[in-house]
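Hello,

Here is the structure I promised to pass on. Please open it first, then read my notes below.

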Amino acid sequence: MAYLEITLRVAPDNRAAAAGVYEKYKQLFLDTVPGATSKELLVRDEDVQVLHTFRGAADAKAYLAGDLFTRDVVGELAPLLEANPDVRVYETV
């Protein structure tokens with residue numbers, strides 16, 4: 001199993017819009033991305049994180065290179081971000 005953690009710096013005024021992007025693509029992600037098993041939105045005062053789980057790290061890396069992420073999700077989130085996202089892939093042992 002692998003985790004994809006994407007940390008986003010989003011101003012409080014833009015968080016509802018960012019959550020809307022998450023909601024818009026969550027089911028499509030779960031239904032169409034190979035190896036995807038879950039996706040959660042985590043919110044705290046400092047930032048917003050999207051935690052994805054996959055069957056393996058290769059599936060997570062393929063998602064990061066695919067059109068759903070690069071064109072659709074990033075395209076809609078980019079205007080809402082205060083900094084580049086911190087993207088990390090973790091594998092369980």
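Ring pairs join F29, F54, Y63 and F69 into a cluster. Keep in mind that this is a predicted model. A search of the whole structure turns up four aromatic pairs.

Start with F29 and Y63. Their pair is edge-to-face. The centres are 5.0 Å apart, with 70° between the planes. F29 sits in helix α1 (residues 15-32) and Y63 in helix α2 (residues 57-65), so this pair ties together parts that are 34 residues apart in sequence. Are F29 and Y63 buried or exposed? Both are buried.

Y63 also pairs with F54. Here the ring centres are 6.0 Å apart and the planes stand at 40°, so the pair is tilted. An angle over 60 degrees would count as edge-to-face, and one under 30 as stacked. F54 and Y63 are both buried.

Now the fold. The protein has three helices and four strands. Along the sequence they come in the pattern β-α-β-β-α-α-β.

What about the overall dimensions? The C-alpha trace spans about 35 × 25 × 20 Å along its principal axes. Of the 93 residues, 39% are buried. Take the contacts in the protein with a separation of 6 or more: residues 24 or more positions apart account for 68% of them.

The accessible surface comes to about 5,400 Å². Carbon and sulfur atoms hold 53% of that surface. The protein carries 10 positive and 15 negative charges.

Which residues does E91 contact, leaving aside its neighbours within four places in sequence? They are M1, A2 and A57. L30 is 61 residues from E91 along the chain, and the C-alpha atoms of the two are separated by 19 Å.

To find your way around, begin at the cluster of F29, F54, Y63 and F69.

Best wishes

How values were computed: Residues numbered from 1 in each chain as written. Predicted model: local features only at pLDDT ≥ 70, side-chain atom pairs only at ≥ 80, totals over all residues. Heavy atoms only, no water. Helix = DSSP H or I, 4+ residues; strand = E, 2+ residues; numbered from the N terminus. Buried < 20%, exposed > 50% of the residue type's maximum accessible area, 1.4 Å probe, protein only. Contact = heavy atoms within 4.5 Å. Areas by Shrake-Rupley, 256 points an atom, 1.4 Å probe, with all protein chains shown as cover. Lys, Arg positive; Asp, Glu negative; His and termini not counted. Charge placed at Lys NZ, Arg CZ, Asp CG, Glu CD. Phe/Tyr/Trp six-rings, centres within 6.5 Å; stacked < 30°, edge-to-face > 60°.
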